[in-house]
Amino acid sequence: MFVMELIYTAPLEAVDAVLEDHVVWLDELYAQGHVLASGRKEPRDGGVIIAVAGDRARMEAIAAGDPFVAAGVCEYRITEFIATKTAPELERHRETLG
């Protein structure tokens with residue numbers, strides 16, 4: 001499982017100009033089962049995505065496909081973690097150490 005932190009690198013006007021494309025990109029990732037939750041940070045200086053993918057390389061490739069990245073308005077900080085405890089709704093993503 002991954003925490004993908006978006007950090008805006010441009011003024012909000014530039015971010016907002018690409019927001020619709022970013023939302024379409026997110027909707028596709030939800031449909032593929034990669035994204036579990038997403039939203040803006042408060043204060044609005046970026047966002048957070050909770051995601052699953054086969055490995056870190058796949059997650060980095062997914063992040064590189066974000067229209068925000070293509071437009072140069074954000075960068076990602078990706079943190080991988082082992083979800084050993086989850087809410088029942090996320091049980092299929094639960095992992096074991098070993």
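The lining of the largest pocket divides into eight nonpolar residues, five polar residues and one charged residue. Here Ala, Val, Leu, Ile, Met, Phe, Trp, Tyr, Cys and Pro count as nonpolar, Asp, Glu, Lys and Arg as charged, and the others, Gly among them, as polar. This is a predicted model, in which local features need pLDDT of at least 70 and side-chain atom pairs count only at pLDDT 80 or more, while totals for chains, interfaces and linings use all residues. Residues are numbered from 1 along each chain as its sequence is written, and side-chain values use heavy atoms, with hydrogens and water left out.

**The largest pocket**
- The space in this pocket is about 160 Å³.
- Its lining has 14 residues, and Tyr8, His22, Leu26, Gly39 and Arg40 lie nearest the centre.
- Two or more lining residues come from each of β1, α1, β2 (35-40) and β3.
- A pocket is an open set of points on a 1 Å grid over the protein atoms alone, where a 1.4 Å probe fits, with protein on both sides within 12 Å along at least five of seven lines; lining residues have an atom within 4 Å of a point.

- Helices (H or I, at least four residues) and strands (E, at least two) are DSSP runs, numbered from the N terminus.

**The aromatic pair**
- There is one aromatic pair, counted when ring centres of Phe, Tyr or Trp (its six-membered ring) lie within 6.5 Å.
- The ring centres of tyrosine 8 and phenylalanine 68 are 6.0 Å apart and the planes stand at 85°, so the pair is edge-to-face (over 60 degrees).
- Tyrosine 8 belongs to strand β1 and phenylalanine 68 to helix α3 (residues 67-70), so the pair ties together parts 60 residues apart in sequence.
- Both tyrosine 8 and phenylalanine 68 are buried (under 20% relative accessible area, with a 1.4 Å probe and protein chains only).

**Valine 3**
- Valine 3 is found in strand β1.
- Valine 3 has a relative accessible area of 27% and is partly exposed, a class that lies between buried and exposed (over 50%).

Notes
Points joined across faces, edges and corners; volume = space filled by probe spheres on them. Phe/Tyr/Trp six-rings, centres within 6.5 Å; stacked < 30°, edge-to-face > 60°.
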